[in-house]
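User: Hi! I'm new to reading protein structures. Could you walk me through this one?
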Amino acid sequence: MPEGYAEFELDIAAIMKSSLPAYFAALDPVPLLPANINQIPAQAQGAYMLYLNGTVIYIGKTDAKAGFRYRLNRHAKNVQHRKSLDPAEVSFKAVRVFVFNMFDLEDMLIDQFIETTGMRPFWNTSGFGSNDPGHNRENQESAVFDLRHPVQIDRDITAITPGAQEILQVFLRLKDMLPYTLRYEADGPGKQAWRKGHADMRGSQVTIAVGPQTTRSILQACLDAMGHEWQATVLPNRVIVYKENTTYPEQVEVLRGNP
């Protein structure tokens, strides 16, 4: 090597591995609520941990396309209306990392967690946070997270105004507010066909009763108005409403309109 010359390589991965877990450990988790999530800078990137009753249950990272707010708000929505899961018991920690595109923070933190505990965070192997599988995939095997915590259609909601209204508008409102996927049959072409729904929904009226509402009660009222040819199938991670008489392998239950 020439005199007066040397080479220095900063091992960022090693530094992060030795420092970041301790940095996380020094933070206190806070409830996984939009009020807490939306205080984080919108496009901040880094790594985060989800806790269930104080135990690490999931380790994730953000990327250039989706910062903390997007990821964590999505998770906060995904834990709503699930059986055997109280959203109030879910909390999070997040650490912004300004330089991390050369290595995988998520894998590094998971590996460190395994070294410490001897196991992976359970939700990292459960399919938690997976994308909607899409139409005509209802026969696929469900994720472990969804089987353990299937959607709950008996939770109270306050989304629908009592009184007579168009069925399509009720479905559009439910689709917008429910914390899980609601898919219904549409008779138009294209990806936006759901906006116009089915002819049995457009212009047809349903009367929403005054008083407490649940997803079940709203769906049943709509099905009764559309007729017995329609069914709502509750699957572990979503609800589908089609004009059919079909049994799905992993259905939780089926609602049908009155004959």
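Predicted model: local features only at pLDDT ≥ 70, side-chain atom pairs only at ≥ 80, totals over all residues.
Analyst: Happy to! In the largest nonpolar core, which has 28 residues, those touching the most other members are Phe171, Leu174, Leu182, Met201, Met226, Val239 and Val241. A nonpolar core here is a set of buried Ala, Val, Leu, Ile, Met, Phe, Trp, Tyr and Cys residues joined through side-chain atoms within 4.5 Å; buried means under 20% relative accessible area with a 1.4 Å probe, protein chains only.

User: Which elements give two or more residues to this core?
Analyst: Those are α6 (167-177), β7 (181-184), β8 (205-208), α7 (215-226), β10 (230-235) and β11 (238-243). Helices (H or I, at least four residues) and strands (E, at least two) are DSSP runs, numbered from the N terminus.

User: What is Val241 in contact with?
Analyst: Leaving aside neighbours within four places in sequence, its contacts (heavy atoms within 4.5 Å) include Phe171, Leu182, Tyr184, Leu223 and Trp230. Another core, of 19 residues, lies apart from the largest one, with Ile40, Phe68, Ala76 and Trp123 among its members.

User: New topic: how many helices and strands are in the chain?
Analyst: The chain has 7 helices and 12 strands.

User: And how much of the chain is buried?
Analyst: Buried residues are 42% of the 259.

User: What does the C-alpha trace span?
Analyst: About 90 × 40 × 35 Å along its principal axes.

Conventions
Residues numbered from 1 in each chain as written. Heavy atoms only, no water. Buried < 20%, exposed > 50% of the residue type's maximum accessible area, 1.4 Å probe, protein only.
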